[in-house]
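The following note is for a colleague who wants to check a model point by point. Please read each paragraph alongside the coordinates.

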Amino acid sequence: MNFAHHIPAQAQIQRHHDALVNRLSEHSSHYRDPVQTVPWESLDAETAWLPEELLSLYGLPEYSQLSPEERIRLSQVEFVSFCELGLWLEALFIQRLGANSLQEMYRDPVSYHYQLHELREEVGHSLMFLELQRRSQRSFMTPLSQRPPLARLFARYAPEGSAAFWATILIGENVPDRVNRIIFAHKELPAAVLTITHVHMREEARHMAFARTTIQMRSQAMSRVKKLLISPVLREVFRQFLRTCFFPSEQVYAAAGLGNPRIWARRARRNPHRIDLMNRCALPSRDFLRTQGFAL
């Protein structure tokens, strides 16, 4: 007799979730401080830190008029700005997990065990990004007030453990991961840039696996009507996050030494190449969430 048929579907999903989360915890147990692994001396002020295709102005006629020195400076500033976005995202996660740790410890000890590993990795990423910022001699370029307000509120107040909460976490992890994959393919970049990117990619792969399995488990308990009701909020969170991820603030162009930063920021927002990159990087998250019943 096949007893699997007598196990409720939700129980089977929970067992699969727990097995995966235990494997993720095992892989995360061999931790090493990422700040100590980065060859910081390879950060050359005369070398680009991003491939040209990832620069927000790439593809515009005005970009071709920039000097080689201006393009290099822009690549360095935009890489630091991209890592600054990571700092903001990780601060949201760290804040939320810390605020709900006692409840999570008793509600789902298997997930809580893994989330402590994830918390340690996110803190490590933050220290790594701060070290990059220090060595590049750049202060914070994008004010907190210019980060997406709805994404910040939703990540802070959405029910912890809900599919909708973890959907926002997945968006914040998966979209930058697509950018990281492009960066890592360019082996001519400084070794420090490649190491930072590789550490982030490797550990975020586990974080995304946890987010996906949690979304799958929690979404099973949501009615179709509830998913439809929450979808417009998720859609707006997604839209705001894509904007902050792909279209730098005026302060970034000012830090790069480009005149009239407001004009450059406006040009970037209208750049067809940038918009196409944004849509390509957003597609995996959008497709996955649609399979879970969210209308994005």
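1. Gln137 lies in the loop between α5 (109-136) and α6 (149-157), and although Gln137 is not a glycine, its phi is positive, at about 60 degrees.

2. Some conditions apply throughout: this is a predicted model, in which local features need pLDDT of at least 70 and side-chain atom pairs count only at pLDDT 80 or more, whereas totals for chains, interfaces and linings use all residues. Residues are numbered from 1 along each chain as its sequence is written, and side-chain values use heavy atoms, with hydrogens and water left out.

3. On secondary structure, the protein chain has 12 helices and zero strands, where helices (H or I, at least four residues) and strands (E, at least two) are DSSP runs numbered from the N terminus. Read along the sequence, the pattern is accordingly α-α-α-α-α-α-α-α-α-α-α-α.

4. On overall dimensions, the radius of gyration of the protein chain is 20 Å, which agrees with the value near 19 Å that a compact globule of 296 residues would have; the radius is taken over C-alpha atoms, and the globule rule is 2.2 Å times the number of residues to the power 0.38. The C-alpha trace spans about 70 × 40 × 35 Å along its principal axes.

5. On burial and surface, 52% of the 296 residues of the protein chain count as buried. The accessible surface comes to about 14100 Å², with 56% of it belonging to carbon and sulfur atoms; these areas come from the Shrake-Rupley method with a 1.4 Å probe, and for residues only the protein chains shown count as cover.

6. Which residues have the most contacts inside the largest nonpolar core? They are Leu57 and Phe246, in a core of 85 residues, and the largest share of this core, 13 residues, comes from helix α3 (residues 68-99). A nonpolar core is a set of buried Ala, Val, Leu, Ile, Met, Phe, Trp, Tyr and Cys residues joined through side-chain atoms within 4.5 Å. As background, nonpolar side chains tend to be buried together in soluble globular proteins.

7. Arg269 is 212 residues from Leu57 in sequence, yet the two are 9.1 Å apart in space, C-alpha to C-alpha. Arg269 is found in helix α11 (residues 261-269) and is partly exposed, with a relative accessible area of 34%. Leaving out residues up to four places away in sequence, Arg269 touches Arg243, Phe247 and Ile275.

8. A positive phi in a residue other than glycine is also found at Asn260, where the value is near 50 degrees. Asn260 lies in the loop between α10 (250-255) and α11, and its relative accessible area of 45% makes it partly exposed.

9. Is Glu203 buried or exposed? Glu203 counts as buried, because its relative accessibility is 3%. This residue lies in helix α8 (residues 191-219) and, with residues up to four places away in sequence not counted, touches Tyr31, Glu121 and His125.

10. Tyr157, in helix α6, counts as exposed at 59% relative accessibility; Tyr157 and Arg96 are 61 residues apart in sequence and 8.7 Å apart in space, C-alpha to C-alpha. Arg32, in the loop between α1 (9-28) and α2 (61-64), counts as exposed at 57% relative accessibility, and its C-alpha atom is separated by 35 Å from that of Tyr253, 221 residues away along the chain.

Terms used:
Buried means under 20% relative accessible area, exposed over 50%, partly exposed in between (1.4 Å probe, protein chains only). Contact means heavy atoms within 4.5 Å.
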